[in-house]
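This briefing sets out the computed features of a single protein chain for a reader who has the sequence and the coordinates at hand. Please consult the structure below alongside the text.

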Amino acid sequence: MGDITFRSTVHAERLRFTQEPQTVVRFPGTGKRESTSHSDRTHLPDPVIPGREYQDVTVAYHLATRLTREQEAGRSGDDDADE
């Protein structure tokens with residue numbers, strides 16, 4: 001799925017958080033979309049414990065999004081009409 005996809009993998013030998021991270025994924029703009037995002041973690045719990053050191057950490061992140069053909073309420077589809 002996805003008109004736009006993003007994948008990233010990061011690795012750390014040692015990692016420590018001073019506070020629990022607050023994360024959010026947003027898809028700004030107009031038009032309805034189908035989106036998904038997830039991460040696979042190795043040696044990193046969810047949630048992390050502030051002050052604890054984690055070793056040999058890997059996080060693989062994946063995001064995908066695509067616009068659907070559905071119109072938002074109050075918007076016309078004249079620019080992209082299928083005829």
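The points that follow cover the fold, the sheet, selected residues, the salt bridges and the confidence of the model.

The model is predicted. The chain contains 0 helices and 3 strands, which follow one another along the sequence in the pattern β-β-β. These strands form an open sheet in the order β1-β3-β2, with antiparallel pairing. The average pLDDT of the chain is 84.

**Overall composition**

- Of the 83 residues in the chain, 14% are buried.
- The chain exposes about 6,900 Å², and carbon and sulfur atoms supply 44% of that area.
- Among contacts in the chain with a separation of 6 or more, 76% are between residues 24 or more positions apart.

**The sheet**

- Strands of a sheet pair through backbone hydrogen bonds, in either a parallel or an antiparallel manner.
- In this model the sheet has 3 strands, and its order, β1-β3-β2, places β3 between β1 and β2.
- The edge strands are β1, covering residues 4–16, and β2, covering residues 33–42; each of them pairs on one side only.
- Neighbouring strands of the sheet are turned against each other by 10° on average, with direction ignored.
- The pairing between β1 and β3, the latter spanning residues 53–67, is antiparallel and extends over 12 bridges.
- Individual positions illustrate this pairing: Ala 12 stands opposite Val 57 in β3, and Arg 14 has Gln 55 in β3 as its bridge partner.
- Strand β1 lies largely in the open, because the number buried is 1 of its 13 residues.

**Residues in and after β3**

- His 62 belongs to strand β3 and has a relative accessible area of 15%, so it falls in the buried class.
- Leaving aside residues up to four places away in sequence, His 62 touches Phe 6, Arg 7, Thr 36, Ser 37 and His 38.
- Phe 6 and Arg 7, two of these contacts of His 62, fall within the range 4–16 of β1, while Thr 36, Ser 37 and His 38, also touched by His 62, fall within the range 33–42 of β2.
- Ala 60 is likewise found in strand β3, but its relative accessibility of 26% makes it partly exposed.
- The contacts of Ala 60, not counting residues up to four places away in sequence, are Ser 8, Thr 9, His 38, Ser 39 and Asp 40.
- Ala 60 and Val 10 are 50 residues apart in sequence, yet their C-alpha atoms are 6.5 Å apart in space.
- Thr 68 is located in the segment after β3 and is buried, with a relative accessible area of 17%.
- Thr 68 touches Lys 32, Arg 33 and Glu 34, again not counting residues up to four places away in sequence.

**Salt bridges**

- Side chains of opposite charge can pair when their charged atoms come close.
- The count of salt bridges in the model is 2.
- One of them joins the side chains of Arg 16 and Glu 53, with an N to O distance of 2.9 Å.
- Because Arg 16 lies in strand β1 and Glu 53 in strand β3, this pair ties together parts that are 37 residues apart in sequence.
- Glu 53 is partly exposed, at a relative accessible area of 31%.
- A salt bridge also links Arg 66 with Glu 34, whose closest N and O atoms are 3.0 Å apart.
- Here Arg 66 lies in strand β3 and Glu 34 in strand β2, so the pair ties together parts that are 32 residues apart in sequence.
- Both members of this pair are partly exposed: Arg 66 has a relative accessibility of 30%, and Glu 34 has a relative accessible area of 35%.
- Glu 34 is also one of the residues that Thr 68 touches.

**Confidence of the prediction**

- A pLDDT of at least 70 is reached by 81% of the residues.
- Confidence is highest in β1, at a mean of 96, and lowest in β2, at 92.
- Over residues 77–83 the pLDDT is below 50, and this stretch has 3 contacts in the model beyond near neighbours in sequence.

Terms used:
Residues are numbered from 1 along each chain as its sequence is written. This is a predicted model: local features need pLDDT of at least 70, side-chain atom pairs count only at pLDDT 80 or more; totals for chains, interfaces and linings use all residues. Side-chain values use heavy atoms; hydrogens and water are left out. Two strands pair if DSSP finds at least two bridges between them. Helices (H or I, at least four residues) and strands (E, at least two) are DSSP runs, numbered from the N terminus. Axes are lines fitted to C-alpha atoms, for helices over the stretch in contact, and angles run from 0 to 180 degrees between N-to-C directions. Buried means under 20% relative accessible area, exposed over 50%, partly exposed in between (1.4 Å probe, protein chains only). Contact means heavy atoms within 4.5 Å. pLDDT is the predictor's confidence in each residue, from 0 to 100. A salt bridge is a side-chain nitrogen of Lys or Arg within 4 Å of a carboxyl oxygen of Asp or Glu. Accessible areas come from the Shrake-Rupley method with a 1.4 Å probe; for residues, only the protein chains shown count as cover.
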